Amino acid sequence: MAAGPAKSEDGNAKPAADPHAPANFPNGFLWGTATSAYQIEGAVSEDGRGPSIWDTFSHTPGKIADHSNADRANDHYHRYKEDVRLIKDLGVKAYRFSIAWPRVFPNGTGAPNPKGLDFYDRLLDELLANGIEPFATLYHWDLPQSLQDRFGGWQSSDTSKAFADYAGYVAGRLSDRVKSFFTVNEVGRFVNFGYGYGIDAPGLKLPEAVLNQVHHNVALGHGLAVQAIRAKGRAGTKVGPAENIAACLPAIDTPENVRAAEIATRELNASFLNVILEGKYTDEFLAYTGKDAPKYTAEELKIIASPVDFVGLNIYAPQFYVVANDRAPGFKVLPFPDSFPHMKSEWLRIGPETAYWVPRIAAKIWNIDTIYISENGTSGTDKPAADGKVYDLDRIMYLRNYLTQLQRATSEGVPVRGYFLWSLMDNFEWIFGFEQRFGLYRVDFDTLARSPKLSVSFYRDVIAKNAISA
């Protein structure tokens, strides 16, 4: 016999649960936004800052799509108080920013530049005065040009050691206010695009063996930086990487395909995430690279595997849909059809389930207990309407769907503790210059005026409810 309606203590029928009610994120979930130094700061020659590889690269004819550079960018260096007000107005409680290595050590090594660190002192004080928790990234691609000239940049472990010295110095100076540091951002992008394809700074096309060694040197730099932060930072300082993980998703949700996606995630992230979290290169990776495999010592692997407190995952698009395969290594990558939908950026394919599967799989295969979505967002056309406002419905669509899938993950116990929306405002978008806009706030790059897009209201509502509404 079917049960009757549930009744309250007074005997009246209780209203049924609303199936359309918003699903909440966990209590204490940290909502944030993010930027990087080179993309917004400008002031590239002020207060003793040295040149970076991106200064050199962006001034090389033909490298940037709109022939621009970031010499001024958003002028955040002078307008940081205004930008902190934008962050506060969003309602977020955390802000992920990066520290420009050449501001702190103009030559990469040697004597630090006091005026460079003074800027971050001022920024941190302003953030904390407004109730915003700072998360600092130590390397977001702006390598001091001097290290590229002297050592070939990340081609040498001398750069790995220089990075650790820089990281330790910054942690020693700022960990009274910064409780969480990201070491390196998007190794999979800046190594492959900068040293392999020649698309990003420093614009090199290195042989496979040298490129694999660059990957290893960056992983070593990460490990050495973790150790330096532990040694020089205040007790309780937390540290971890932020990686644009090779996102591997099951094409169809079956046990066999999910297992294939787990195998693919481990193998296709073997050169960074897997080696830092497991302390070894996979047998499949070493077999695949063969004579081109990186050279390393057992001691280096121990350093690379220095324990981290969290893992940041930058999630934008599904990179690989996989199915199970009887042949080793146990998965098959499927081709994307030409009709697969994408956002304004052609590379940014729309796959909301990425926000569910990637953290779920990563937490399982690497036993991670704290994950931050350290970047997620989308580019858009973002043209002002007749009334001067930007109605970025495409961005809202993207965020609503991705955040719904992220909430699905947290509801199942996947340990995602926070989310940083990329980006706070439009900025210098690397090789695309100012042509691609990822911001919640629109920037007029002639006047540098900032103005909220409709997505500001959307994100503010999500944060206030700690939930996604339909």
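## Salt bridges in this model

A salt bridge is a side-chain nitrogen of Lys or Arg within 4 Å of a carboxyl oxygen of Asp or Glu. This predicted model holds 23 of them.

## Two Arg–Asp pairs

Take Arg 49 and Asp 55. Their closest N and O atoms are 2.8 Å apart, and the two form a salt bridge. Arg 49 has a relative accessible area of 9%, so it is buried. Asp 55 is buried as well, at 8%.

Now take Arg 173 and Asp 121. Here the closest N and O atoms of the salt bridge lie 3.6 Å apart. This pair links distant parts of the chain: Arg 173 sits in helix α7 (residues 157-174) and Asp 121 in helix α5 (residues 114-129), 52 residues apart. Are these two buried or exposed? Arg 173 is partly exposed, with a relative accessible area of 35%. Asp 121 counts as buried because its value, 15%, falls under the 20% cut-off.

## A network

Asp 426 and Arg 437 meet through their side chains in a salt bridge, 2.6 Å from N to O. Both residues lie in the loop between β12 (416-422) and β13 (441-443), 11 residues apart. Asp 426 and Arg 437 are buried. Shared partners join Asp 382, Asp 392, Arg 395, Asp 426, Arg 437 and Lys 453 into one network of salt bridges.

## Helix α10

Helix α10 covers residues 255-268, 14 residues in total. From first C-alpha to last, α10 reaches 20 Å, close to the expected 20 Å.

Which residues of α10 are buried? They are Asn 257, Val 258, Ala 260, Ala 261, Glu 262, Ala 264, Thr 265 and Glu 267. Their cover includes the helices α11 (270-278), α12 (283-289) and α14 (354-366).

Conventions
Residues numbered from 1 in each chain as written. Predicted model: local features only at pLDDT ≥ 70, side-chain atom pairs only at ≥ 80, totals over all residues. Heavy atoms only, no water. Helix = DSSP H or I, 4+ residues; strand = E, 2+ residues; numbered from the N terminus. Expected span 1.5 Å × (residues − 1). Buried < 20%, exposed > 50% of the residue type's maximum accessible area, 1.4 Å probe, protein only. Contact = heavy atoms within 4.5 Å.
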